[in-house]
Amino acid sequence: MNSENVTHCGFVALIGPANAGKSTLLNSLTGEKLSIVTHKAQTTRMRVRGIALVENTQIVFVDTPGIFKPQRRLDRAMVQAAWESMQEADSVVLVIDAARGLNEDAKAIMEGLQRAKRSAVLALNKIDLLPRENLLPLTNTFNESGLFTRTFLISARSGDGVEDLRAFLAHAMPSGAWLYPEDQLSDLTERLMASEITREKIFLRLHEELPYDSTVETEAWKELKDGGARVDQIIYIRRASQKPIVLGKGGQTLKQIGEAARLEMQKSFGRRIHLFLHVKVNEKWLDEPARYRMMGLQFDQK
Ligand SMILES: Nc1nc2c(ncn2[C@@H]2O[C@H](COP(=O)(O)OP(=O)(O)OP(=O)(O)O)[C@@H](O)[C@H]2O)c(=O)[nH]1
Ligand SMILES: [Mg+2]
């Protein structure tokens, strides 16, 4: 047990293949919806810090983009951000979709951990999808690598096993002063969180290449006298031919995206939000450093 007068604080990176449930786990570990979640791969593009207090220990969980074979410049920046978070963390949790098991994606990440000489905590996630009797053989298969200090069988969605994982990680944090005020939940600004919320609704509502060809930025945030806020956002897309799809018949699709985003913003920020979405065609947004800076990603020159 940590002694009462000493505070502990540290970083825990949640890494893993795309779609493994890292963001769901971040939200479950912190008890707040901080990071966006969708059924589509590569939802998370940037690091999202979520802060939890366990007695005298502050744990800064870092949700990261999924690690996959990057193609585009943005993919490379996302994967790089994930590896950097791994390197900087006091503890690393490898989140694996138990239903997918030890596939090529998982193996590639485990090799990366090995190369970096890092051990990790294994979180076999989505155990709600698997028969119990499959779990022990799966655990054994992963543990043949010798990489893992502990294995947790969890369901980030139902919360099963999440508290045990959090308690274990709390005890692994080094002593030190808390990095954030006691009541802070995340490092995201409201503007950035608002952009992410709209991006989540785009991922849920649009298909094929569109979620990957679009990004959202909060252009303006105006405080209103009645305590609400007016939020103006730009949805960047890459081609003029994509615009009618984002708008939908009579503007219905964009309206639905905006309404879903607005409702969630009101819930997250606890106040009235007037949301205005503007769609802009920008062929080059994937090659503009400013877009990367906004997300805290590195812009490589290649
Ligand atoms: N059944 C089940 N589904 C889960 C669980 N955890 C996450 N999911 C689902 O898996 C999908 C992906 O979840 P995310 O949390 O977005 O996964 P991620 O690892 O952050 O994905 P990327 O950001 O794309 O790398 C979503 O549809 C989640 O609802 C779980 O414990 N059980
Ligand atoms: Mg994610």
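Leaving aside its neighbours within four places in sequence, with which residues is Leu 14 in contact? Select Leu 14 and then Lys 22, Leu 25, Leu 26, Phe 61, Val 62, Asp 63, Thr 64, Val 93 and Val 95, which are its contacts beyond that range (contact: C-beta atoms, placed from the backbone, within 7 Å).

The model is predicted, with local features needing pLDDT of at least 70 and side-chain atom pairs counting only at pLDDT 80 or more, while totals for chains, interfaces and linings use all residues. Residues are numbered from 1 along each chain as its sequence is written, and chains are lettered from A and ligands numbered from 1 in the order in which they are written.

**The cores**

Leu 14, together with Leu 94 and Ala 123, touches the most other members of the largest nonpolar core, which has 50 residues. Such a core is a set of buried Ala, Val, Leu, Ile, Met, Phe, Trp, Tyr and Cys residues joined through C-beta atoms within 7 Å. Select helix H2 (residues 73–88) next: the largest share of this core, 7 residues, comes from there. Apart from it lies another core of 23 residues, including Leu 206, Ala 229, Ile 237 and Met 265.

**Helix H1**

Move to helix H1, residues 22–30 (helices are DSSP runs of H or I, at least four residues, and strands are runs of E, at least two, numbered from the N terminus). Because 9 of its 9 residues are buried, H1 is largely enclosed by the rest of the structure. A residue is buried if 20 or more other C-beta atoms lie within 10 Å of its own, exposed if 12 or fewer, and partly exposed in between. To see what covers H1, display strands S1 (8–15), S2 (48–54), S3 (57–63), S4 (91–97) and S5 (120–125) and helix H5 (162–172), which are among the covering elements. Gly 31 follows H1 and has a positive phi, near 75°.

**Two loop residues**

In the loop between S1 and H1, select Asn 19. Its phi is near 75°, positive in a residue other than glycine, and with 21 C-beta neighbours inside 10 Å Asn 19 counts as buried. Then select Glu 55, in the loop between S2 and S3. Glu 55 also has a positive phi, about 50°, but is partly exposed, with 13 other C-beta atoms within 10 Å.

**Ligand 1**

Finally, centre on ligand 1. Of the 24 residues around it, Gly 21, Ser 23, Thr 44, Gly 66 and Arg 157 come nearest (near: C-beta atom within 6 Å). H1 gives the most to this shell, with 3 residues.

Note on methods: Two residues are in contact if their C-beta atoms, placed from the backbone, lie within 7 Å.
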